[in-house]
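Trainee: Please pick a single part of this structure and look at it closely. I would also like to know what lies around it.

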Amino acid sequence: MDSFGLEAIKAWNAQPRHAYQTISVRPLTCTIGAEIGGVDLSKGVSDEQLAELRVALHENMVLVFRDQHMTEEQHRAFGLKWGKLHCHPVLLAKKVPNPEILEVRNDSTSKVAIGEGWHSDATLEERPPMGSMLYMKEMPETGYGGDTMFANMCLAYETLSPTMQKFIEGLTAVHSGEVLPRLYGFPIPEGGYPETTHPVVVRHPETGRKTLFVSPAFTVRIPELSQAESKTVLDLLFRHVETSPAICMRVSWNQNDMVFWDNRCTQHHAIFDYAPHTRVGVRVTVLGDRPQA
Ligand code: SIN
């Protein structure tokens with residue numbers, strides 16, 4: 001971390017933390033992630049808890065709920081507390097009965113794990129999800145492995161030099177579905193995947209904080225730049241996240257853990273270190289707004 005980065009981290013850590021009354025919040029690192037206690041998701045959450053969970057999400061971006069015993073219906077119900085639910089285009093194309101529940105399964109036949117590679121979910125859509133909730137149903141038979149890494153994308157922006165921040169702020173970027181289906185071997189839905197343009201730097205709609213909004217899984221070009229410039233700038237931004245462990249954390253899962261991440265200001269990367277074993281999660285994803293510069 002250079003001096004620009006260090007100043008940004010100091011400023012981040014100087015922020016006051018909320019004193020919670022109805023839930024417990026134990027930060028997992030200084031910059032991202034917290035474990036939440038005092039909540040049983042199978043019983044639902046009170047309005048007071050929901051309000052505090054929102055504050056905790058803004059402060060920590062990734063909330064880890066350990067040892068929850070939820071049905072799919074209870075999982076959906078918690079998702080609906082945050083907004084309408086997203087249906088993955090692949091599930092809509094397959095016409096499955098409940099396209100709001102996305103199974104994240106990797107097993108001995110997987111060549112690439114779902115979610116392997118830094119991304120925020122579905123940014124190829126005009127209104128990408130505000131958040132995703134992954135519930136771990138089956139751990140690899142080792143009992144460990146299959147962690148998920150998360151990055152604080154507000155700090156990804158804030159740890160850049162002011163000159164670089166200014167340069168990228170006026171730019172947009174094209175988010176496309178061409179990368180992942182090819183990687184996973186998914187069928188391309190009729191009419192193809194949508195391609196959408198978002199600002200490179202967007203404002204979080206609730207905190208107002210600026211966040212870097214490009215990822216190697218979806219972002220293919222910056223139309224305001226030449227092809228070579230675009231590739232170089234995107235590579236630089238992608239490498240910035242990969243080479244900044246101080247803005248990242250890693251969740252080690254147990255069966256029945258649930259992790260809720262703010263998709264607007266984080267990226268995540270599933271780690272496929274458990275082949276040939278099987279790991280199965282189910283994800284409920286909450287719709288968001290169109291990202292604004
Ligand atoms: C995802 O990208 O939603 C999957 C994350 C994971 O499996 O850890």
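Mentor: Helices (H or I, at least four residues) and strands (E, at least two) are DSSP runs, numbered from the N terminus. Residues are numbered from 1 along each chain as its sequence is written, and side-chain values use heavy atoms, with hydrogens and water left out. The model is predicted, so local features need pLDDT of at least 70 and side-chain atom pairs count only at pLDDT 80 or more, while totals for chains, interfaces and linings use all residues.

The part I take is helix 2, which covers residues 47-60. Helix 2 has 14 residues and reaches 20 Å from its first C-alpha to its last, close to the 20 Å expected at 1.5 Å a residue; the expected span is 1.5 Å times one less than the number of residues.

Its buried residues (under 20% relative accessible area with a 1.4 Å probe, protein chains only; over 50% is exposed, in between partly exposed) are Gln49, Leu50, Glu52, Leu53, Ala56, Leu57, Glu59 and Asn60. They pack (contact is heavy atoms within 4.5 Å) against two other helices, helix 1 (3-13) and helix 3 (72-80). They also pack against strand 1 (24-27), strand 2 (34-37), strand 3 (62-65) and strand 13 (258-262).

Next come the nonpolar cores, which are sets of buried Ala, Val, Leu, Ile, Met, Phe, Trp, Tyr and Cys residues joined through side-chain atoms within 4.5 Å. In the largest one, of 44 residues, Ile168, Val200 and Leu212 touch the most other members. A second, separate core of 27 residues includes Ala56 and Leu57, together with Val25 and Val39. Ala56 and Leu57 are also among the buried residues of helix 2.

A pocket is an open set of points on a 1 Å grid over the protein atoms alone, with protein on both sides within 12 Å along at least five of seven lines, where a 1.4 Å probe fits; lining residues have an atom within 4 Å of a point. The second largest pocket holds about 280 Å³, a volume being the space filled by probe spheres set on points joined across faces, edges and corners. It is lined by 17 residues, and the closest to its centre are Trp12, Gln15, His58, Glu59 and Arg209. Helix 1 and helix 2 each supply at least two residues of this lining, and helix 2 has the largest share, four residues. By type the lining divides into eight nonpolar, five polar and four charged residues; Ala, Val, Leu, Ile, Met, Phe, Trp, Tyr, Cys and Pro count as nonpolar, Asp, Glu, Lys and Arg as charged, and the others, Gly among them, as polar.

The backbone after the helix deserves a look as well. Most residues other than glycine have a negative phi, and most peptide bonds are trans. Met61, which follows helix 2, has a positive phi near 70°. Asp67, in the loop between strand 3 and helix 3, has a positive phi of about 50° although it is not a glycine. Lys95 likewise is not a glycine and has a positive phi of about 55°; its place is in the loop between helix 4 (89-94) and strand 4 (101-106). With 72% relative accessibility, Lys95 counts as exposed. The peptide bond from Ala275 to Pro276 is cis, with omega near 10°, and Pro276 lies in the loop between strand 14 (266-270) and strand 15 (279-286).
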